[in-house]
Amino acid sequence: MEELVSNAGRMDTLLREIATAAQEQHAGIGQISRSIRELDDATQHNAALVEEPPLPGRCATTPSSWPSGSIASASEVGTASEA
């Protein structure tokens, strides 16, 4: 009889651990799902930006439309790598 009670106690412990692990897994899957939605939203936003026509008088591919200081010129890159 004592062994039966002991086994029931171990079974209870295992079932509680399984339940806790299942809850943690559920929370982790929820976080992954939210992250995927955020990546999808960002991708959709970026795709919409690419499809927008450029402003009149400006070409999006010319250096004048790039933010200042964000991209080094070829001469700056060559100088930096030679130093």
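One salt bridge is found in a search of the whole structure; the term denotes a side-chain nitrogen of Lys or Arg within 4 Å of a carboxyl oxygen of Asp or Glu. The structure is a predicted model, in which local features need pLDDT of at least 70, side-chain atom pairs count only at pLDDT 80 or more, and totals for chains, interfaces and linings use all residues. Residues are numbered from 1 along each chain as its sequence is written, and side-chain values use heavy atoms, with hydrogens and water left out.

The salt bridge joins aspartate 12 to arginine 16. Their closest N and O atoms are 3.0 Å apart. Both residues lie in helix α1 (residues 2-51), 4 residues apart, so about one helical turn separates them. Helices (H or I, at least four residues) and strands (E, at least two) are DSSP runs, numbered from the N terminus. Aspartate 12 is partly exposed, at 35% relative accessibility. Arginine 16 is exposed, at 57%. Buried means under 20% relative accessible area, exposed over 50%, and partly exposed in between (1.4 Å probe, protein chains only).

Methionine 1 sits in the segment before α1. This residue is exposed, with a relative accessible area of 79%.

The chain contains 2 helices and 0 strands. Of its 83 residues, 1% are buried. Its accessible surface is about 7600 Å², by the Shrake-Rupley method with a 1.4 Å probe; for residues, only the protein chains shown count as cover. Carbon and sulfur atoms account for 61% of that surface.
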